[in-house]
Amino acid sequence: MPNYVITPPATSAVPVKGTDQLFPVRRIFCVGRNYAEHAIEMGSDPTREPPFYFTKPFDAVVTGGADMPYPSATKSLHHEMELVVAIGKGGKNIAIADALSHVWGYCCGLDMTRRDLQNEAKKTGRPWDMGKGFDLSAPMGDLIPAAGFDPSKGKIELKVNGKVTQTSDLSKLIWSVPEVIANLSELVELQPGDLIMTGTPEGVAAVVKGDVLEGIVEGVGEVKTKIV
Ligand code: MN
């Protein structure tokens, strides 16, 4: 056994739907502005600029429908409903045509955002980390294996307290799942256990304590959490 001077961090994991199996999480990459209507609502130009990324720590995941605590230091906690891609086979400079063979599976996820901190960071040219990568900022539903799901289309929707706030279709992704995998793998060597949050459609909005968030991606499943 390695002689660690402190206890090494526990692994985070996402459950595999309908089993007792777990997908261990290594890193969480997130794509910014990947639906045109969301780019417009954020005040950006949705023309096809290259994709860009930010990250969350691996232990930001909240699974099993567990509650999400309202985070510190914000008055504007926003929901962003997203398709999440779980990488099962790593690689660099992955070809678009080969990209889906690197996917272990898919799940629904929420890229919860301290929007006021993110907006301040944008204004001052500072990093987004504290707006995006805070504790427990990534509720996720159960994973389904890649086989049998085509990520090029499918309804994506979020309800807050039973009312639809975000609704769109995966076919509206500016950068498709294979394109994102290929592009990201030119920037870092993807590793098994990496998750990619693929971006959110329009309709992002603030939530408050007590709100119940229920998201679906048609063919994948759901993500559910209550803000407490
Ligand atoms: Mn997002």
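This is a predicted model: local features need pLDDT of at least 70, side-chain atom pairs count only at pLDDT 80 or more; totals for chains, interfaces and linings use all residues.
Trainee: Which residue forms a salt bridge with R27?

Mentor: The partner is D194, and the closest N and O atoms of the two are 2.7 Å apart. D194 has a relative accessible area of 0%, so D194 counts as buried.

Trainee: How many salt bridges does a search of the whole structure find?

Mentor: The search finds 10. One of them joins K224 and E214, with 4.0 Å from N to O. K224 lies in strand β17 (residues 221-226) and E214 in strand β16, so this pair ties together parts that are 10 residues apart in sequence. K224 is partly exposed because its relative accessibility is 43%. E214 has a relative accessible area of 31%, so E214 is partly exposed too.

Trainee: Which residues are linked in a network of salt bridges?

Mentor: The network links K56, E80, D111, R115 and K132. Take E80 and K132 as an example: their closest N and O atoms are 3.2 Å apart. E80 lies in the loop between β6 and β7, and K132 in helix α3 (residues 129-132), so the two tie together parts that are 52 residues apart in sequence. Both E80 and K132 are buried.

Trainee: Now the metal. Which residues coordinate the manganese ion?

Mentor: When reading a metal site, remember that water is not among the atoms, so a site may look incomplete. Here the manganese ion is coordinated by E80 (OE), E82 (OE) and D111 (OD), at 2.0 to 2.1 Å. Along the chain, these donors follow the spacing E-x1-E-x28-D. E80, in the loop between β6 (77-79) and β7, and D111, in the loop between β8 and β9 (113-114), are 31 residues apart. E80 and D111 are both buried.

Trainee: E80 keeps coming up. What is H38 in contact with, leaving aside its neighbours within four places in sequence?

Mentor: E80 is on that list, along with R33, R115, T200, P201, E202 and V204. H38 belongs to helix α1 (residues 36-41). H38 counts as buried because its relative accessibility is 4%.

Trainee: Which residues of helix α2 are buried?

Mentor: In α2 (residues 115-124), R115, Q118 and A121 are buried. For a helix, the next step is to look at the directions around the axis. These residues cover an arc of only 125 degrees, which puts them on the same side of α2. The buried residues of α2 pack against α1, β6, β9 and α3. G125 follows α2, and its phi is positive, near 70 degrees.

Trainee: In what order do the strands of the open sheet run?

Mentor: Strands of a sheet pair through backbone hydrogen bonds, either parallel or antiparallel. In this open sheet, 3 strands run in the order β9-β6-β15, with antiparallel pairing. The edge strands, β9 and β15 (205-206), each pair on one side only. β6 and β9 pair over 2 bridges, and the bridge partner of L77 in β9 is R114.

Trainee: Let's finish with the nonpolar core. Which residues have the most contacts inside the largest one?

Mentor: They are Y106, M112, I181 and V217, in a core of 40 residues. Among the elements that give two or more residues to this core are β8 (103-110), α4 (177-187) and β16 (212-217). Another core of 18 residues lies apart from it, including C30, C107, A138 and L195.

Trainee: What does I181 touch, beyond its neighbours within four places in sequence?

Mentor: I181 is in contact with V85, I87, I94, A99, V103, L190 and I196. The buried residues of α4 include I181, V177 and L184. The buried residues of this helix pack against β3, β4 (53-56), β7, β8 and β14 (195-197).

Technical notes:
Residues are numbered from 1 along each chain as its sequence is written. Side-chain values use heavy atoms; hydrogens and water are left out. A nonpolar core is a set of buried Ala, Val, Leu, Ile, Met, Phe, Trp, Tyr and Cys residues joined through side-chain atoms within 4.5 Å. Buried means under 20% relative accessible area, exposed over 50%, partly exposed in between (1.4 Å probe, protein chains only). Helices (H or I, at least four residues) and strands (E, at least two) are DSSP runs, numbered from the N terminus. Contact means heavy atoms within 4.5 Å. Donors are N, O and S atoms within 2.8 Å of the metal (3.2 Å for Na, K and Ca); water is not among the atoms, so sites may look incomplete. Two strands pair if DSSP finds at least two bridges between them. A salt bridge is a side-chain nitrogen of Lys or Arg within 4 Å of a carboxyl oxygen of Asp or Glu. The arc is that of the directions from the helix axis to the C-beta atoms.
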